[in-house]
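Me: Could you go through this one with me? I'll ask as I go.

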Amino acid sequence: MGEIYLRALLLDDVESLLDLRLRNRSFLRPFEPIQSDKHFTLDGQVEAVQQLVENWNQGAGYGFGIFFKDTNQLIGRVNLSNVVRGAWQSCTIGYFIDKSSTSRGLMTEAVRLACKFAFEEADLHRVQAAIMPQNIASLRVIEKNGFHYEGLAKYYLKINGRWEDHLIFSITKEYWK
């Protein structure tokens, strides 16, 4: 089913990840925190993947690459971050996809697969998303995956150098299909 699969990013993926980041640098700029120039180098991507691997090993986060099934091409990322156990059993989700792969339902599928992992493998109870109101494509992804609107967080994250309001959504195991 579907055109894509998710898997943990590994050091073997850093060249593909760097290529993805470079090709989409200006496309993603309005939706991301300002990244250092080092982030857009091979060393920067090695550090990023090493952090993802460390987070995975500690159960603090799960960083996935989004790959086409037929070519194994890396086309995006989805992250389950800020994992908190105990009474909360929750995480936040963030994601991006290559500009050439938008408007095809691929990110909707990737978020669905990440939530499946969160609930069925990581044994989390809640996944939260924070999205800027003007990011219509991302809002559609969350809506299609059954997330529920919780409210507006004023000046929530510093994105592209500005403190931006975000709409907060979540889904719990009880609502997962």
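Me: How far are Glu-109 and Arg-112 separated in helix α4?
Reply: The two residues are 3 apart in α4, which means that about one helical turn separates them. Helices here are DSSP runs of H or I with at least four residues, strands are runs of E with at least two, and both are numbered from the N terminus. Please keep in mind that this is a predicted model, in which local features need pLDDT of at least 70, side-chain atom pairs count only at pLDDT 80 or more, and totals for chains, interfaces and linings use all residues. Residues are numbered from 1 along each chain as its sequence is written, and side-chain values use heavy atoms, with hydrogens and water left out.

Me: What does Glu-109 form with Arg-112?
Reply: Glu-109 and Arg-112 form a salt bridge, with 4.0 Å between the closest N and O atoms; the term requires a side-chain nitrogen of Lys or Arg within 4 Å of a carboxyl oxygen of Asp or Glu.

Me: And is Glu-109 buried or exposed?
Reply: Glu-109 is buried, its relative accessible area being 12%, whereas Arg-112 counts as partly exposed at 26%. Buried means under 20% relative accessible area, exposed means over 50%, and partly exposed lies in between, using a 1.4 Å probe and protein chains only.

Me: Which residue forms a salt bridge with Lys-173?
Reply: The partner is Asp-123, and the closest N and O atoms of this pair are 2.7 Å apart.

Me: How many salt bridges does the structure hold?
Reply: There are 14 salt bridges, and one of them links Asp-13 to Arg-7, with the closest N and O atoms 2.7 Å apart. Asp-13 counts as buried at 7% relative accessibility, while Arg-7 is partly exposed at 28%.

Me: Changing topic to the sheet: in what order do the strands come?
Reply: The open sheet has 7 strands in the order β1-β2-β3-β4-β5-β7-β6, with mixed pairing, where two strands count as paired if DSSP finds at least two bridges between them. β1 and β6 (148-159) stand at the edges with a single partner strand each, so one side of each has no neighbour in the sheet. On average, neighbouring strands are turned by 30° against each other, direction ignored.

Me: Which helix packs on the sheet by touching β1, β2 and β3?
Reply: Helix α3 (residues 42-58) does, and its direction makes about 120° with that of β2. Helix α5 lies across β4, β5 and β7 and runs at about 160° to β5. For these angles, axes are lines fitted to C-alpha atoms, for helices over the stretch in contact, and the values run from 0 to 180 degrees between N-to-C directions.

Me: How many residues of strand β3 are buried?
Reply: In β3 (residues 74-84), 8 of the 11 residues are buried, so the strand is largely enclosed by the rest of the structure. On one side, β3 runs antiparallel to β2 (residues 62-68), joined by 6 bridges, with Gly-76 as the bridge partner of Ile-66. β3 also pairs with β4 (residues 90-97) in the antiparallel sense over 7 bridges.

Me: What about the hairpin turns?
Reply: The β2 and β3 hairpin has 5 residues between its strands, and Asn-72 takes a positive phi near 60° there. The hairpin of β3 and β4 likewise has 5 residues between the strands, and Gly-86 in its turn has a positive phi of about 70°.

Me: Last topic: how many residues has the largest nonpolar core?
Reply: It has 35 residues, and Ile-66, Leu-80, Ile-93, Cys-115, Val-127 and Phe-147 have the most contacts inside it. Such a core is a set of buried Ala, Val, Leu, Ile, Met, Phe, Trp, Tyr and Cys residues joined through side-chain atoms within 4.5 Å. The elements giving two or more residues to this core include β1 (4-8), β5 (126-131) and α5 (136-144), and the largest share, 9 residues, comes from α4. A second, separate core of 10 residues includes Leu-9, Leu-17, Leu-28 and Val-49.

Definitions and conventions: Contact = heavy atoms within 4.5 Å.
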